[in-house]
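I want to find my way around a structure that is new to me. These are my notes, in the order in which I looked things up.

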Amino acid sequence: MPDSDLQLDESGKLRHFLSIEGLNQAILSEILDTADSFTSVTDRTIKKVPILRGKTVANLFFEASTRTRSTFELAAQRLSADILSLNVDTSATVKGESLLDTLQNLEAMQIDMFVIRHQDSGSAHFFAQHVRPGVAVLNAGDGQHAHPTQAMLDMYTIRHHKHDFTRLRVAIVGDILHSRVARSQIHALNLLNTAEVRIVAPRTLIPVDAEALGVRVFEDLEAGLEDVDVVIMLRLQRERMRGALLPSEKEYFRRFGLSQERLARARPDAIVMHPGPANRGVEIESSVMDGSQSVILQQVSFGIAVRMAVMSMIVGQSGLQAGGDA
Amino acid sequence: MTLPAVEKLIDELTEALAPCFTDPASHPIIVGIETGGAWIAERIHARIAPNTELGRLNISFYRDDFTRIGLHPTVKPSSLPPGIDDATVILVDDVLHSGRTVRAAMNELFDYGRPRRILLAILIDRGQREIPIQADFVGAMLELDAGSHIKLEGPDNLSLVIKTVDSNAG
């Protein structure tokens, strides 16, 4: 079953959030608009709204995470949900329990929403196929497949600074091949009608089907940065170095690291983004990361509002009785 | 049915609310409920006390029927002046019916602070309350069939329209 059939209900509303593929521009815009209305919640005396009151959210992280996990937790808490966070690699699965058994045991605890990160592509999809009706699954990163809430918080950050996607050139730089973030970003940027999406990477880190994704491919960083409005740097996944895809970190920085000098190729008002965690001095120079064009920490803050938006849209999914009582 | 002229009702509400603004120490703040209530609040505010602060509430996050009707991201987010603690909040809405909107609005207000007093000003009170909430200031009483829906249209040239809810519309 494709993600679109699983993710949307009969009336086209969000039921699960598994990948950007299969969604449409209207849903993406609705997520961004809804996130807008949540940013103000953070400025109030009581940073909570009662939308998920009485609901239980389980954070299931089979893979390590700091930012994604903690912003999902905060998002659920600001929506008044009860939240259970499990580091699964340190618990049951180590003892041999299957994914399905873990799921069923948690379902027996009346969980309403699962937030899942797993090293296997398709695992969130698998969960969504097996949960009970009315239980939602949010993908917090599955293998090399998708990381849709990260992509949406990146879209939110871009829209916050640049407003109109149809005039933008966006360059995604780094290990595209292994990056679920890049895949989700490319789909989202294209759905939002971004004028030009570029990927910039050494040949060994470019997926074979790259052009089919609707991007321009650059193997030279300086050419790839020419006149762009947004630069998205990806983490160099050091664990990949062993696969002989890259000569060395030093060599990588020399060719693909973002320095002030190279950033000058982009438009003067270009913003620099990074999904984190960043390797200073490998893919990005410290002075760029802490510089005036960097919006990296803002991405983290916006992540809370965007995750609140997705969770609340899933709970308020059935738009059958619009209008309500006075 | 002849519906009352909205501007005239707003004039009358403005007049009735004037005494609330004679003592600045009571710190009066007008707060309109999105969307209809906010339009009325803007007009009362402009006529009575343009120098005081004006707030608006989007109560979608607080509705008790949220899971049925969902969010309306097109509605402007809430915006309240800082420091509603010890203020007199004059809550303004277009139609008072079940009372659930006002309950949601009060729940939201208390997440911003602790007002000293909340007063409720309503353009049209159509009765048929489902919870014990009453308005302090009412533009007009209007009795309607349970199946009818009265709505304020705006934001320019405010006017009231009655719609009969089609039970097949879902």
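**Entry 1: a sheet in chain A.** I began with four strands of chain A, which make an open sheet with parallel pairing, in the order β2-β1-β3-β4. β2 (82-87) and β4 (136-142) of chain A stand at the edges with a single partner strand each, so one side of each has no neighbour in the sheet. From one strand to the next, the twist averages 15°. For helix and strand names I rely on DSSP runs, numbered from the N terminus: helices are H or I with at least four residues, strands are E with at least two. Two strands count as paired if DSSP finds at least two bridges between them. Angles run from 0 to 180 degrees between N-to-C directions, with axes as lines fitted to C-alpha atoms, for helices over the stretch in contact.

Before going on, I noted that this is a predicted model, where local features need pLDDT of at least 70 and side-chain atom pairs count only at pLDDT 80 or more, while totals for chains, interfaces and linings use all residues. Residues are numbered from 1 along each chain as its sequence is written, chains are lettered from A and ligands numbered from 1 in the order in which they are written, and side-chain values use heavy atoms, with hydrogens and water left out.

Entry 2: Strand β1 (residues 56-61) of chain A pairs with β2(A) in the parallel sense over six bridges. In that pair, I found A:Thr56 opposite A:Asp82. Helix α4 (residues 99-107) of chain A packs on this sheet and touches β1, β2 and β3 (113-118) of chain A. The direction of that helix makes about 155° with that of β3(A). Contact here means heavy atoms within 4.5 Å.

**Entry 3: another sheet in chain A.** Next I looked at five strands of chain A that form an open sheet, paired in parallel, in the order β7-β6-β5-β8-β9. At its edges stand β7 (216-218) and β9 (271-273) of chain A, each with a single partner strand, so one side of each is left without a neighbour in the sheet. Neighbouring strands of this sheet are turned by 20° against each other on average, direction ignored. Strands β5 (residues 169-173) and β6 (residues 196-200) of chain A share five bridges in the parallel sense, and A:Arg169 stands opposite A:Glu196.

Helix α6 (residues 148-162) of chain A holds A:Gln150. I see α6(A) lying across β8 (230-233) and β9 of chain A, at about 170° to β9(A). Is A:Gln150 buried or exposed? A:Gln150 is buried, with a relative accessible area of 6%; buried means under 20%, exposed over 50% and partly exposed in between (1.4 Å probe, protein chains only). Not counting residues up to four places away in sequence, A:Gln150 touches A:Val181, A:Pro275, A:Gln299 and A:Arg307.

**Entry 4: from chain A to chain B.** I picked A:Ser37, which lies in helix α2 (residues 25-39) of chain A. A:Ser37 is buried, at a relative accessible area of 7%. What does A:Ser37 contact, leaving aside its neighbours within four places in sequence? A:Ser37 is in contact with B:Phe61 and B:Pro77. For the complex, the predictor gives an ipTM of 0.73 and a pTM of 0.86.

**Entry 5: strand β1 of chain B.** Why do I call β1(B) largely enclosed by the rest of the structure? Because six of its six residues are buried. In a regular strand the side chains alternate between the two faces of the sheet. In β1(B), both faces are covered, with B:Pro28, B:Ile30 and B:Gly32 buried on one side and B:Ile29, B:Val31 and B:Ile33 buried on the other.

β1(B) pairs with β3(B) in the parallel sense over five bridges, and B:Gly32 has B:Val92 as its bridge partner there. Four bridges join β1(B) to β2(B), also running parallel, and B:Val31 stands opposite B:Gly55.

**Entry 6: helix α4 of chain B.** At 1.5 Å a residue, the 13 residues of helix α4 (residues 100-112) of chain B should span 18 Å, and the end C-alpha atoms are 19 Å apart, which agrees. The expected span is 1.5 Å times one less than the number of residues. Among the buried residues of α4(B) are B:Val102, B:Leu109 and B:Tyr112. The buried residues of α4(B) pack against β1 (28-33), β2 (54-57), β3 (88-96) and β4 (117-125) of chain B.
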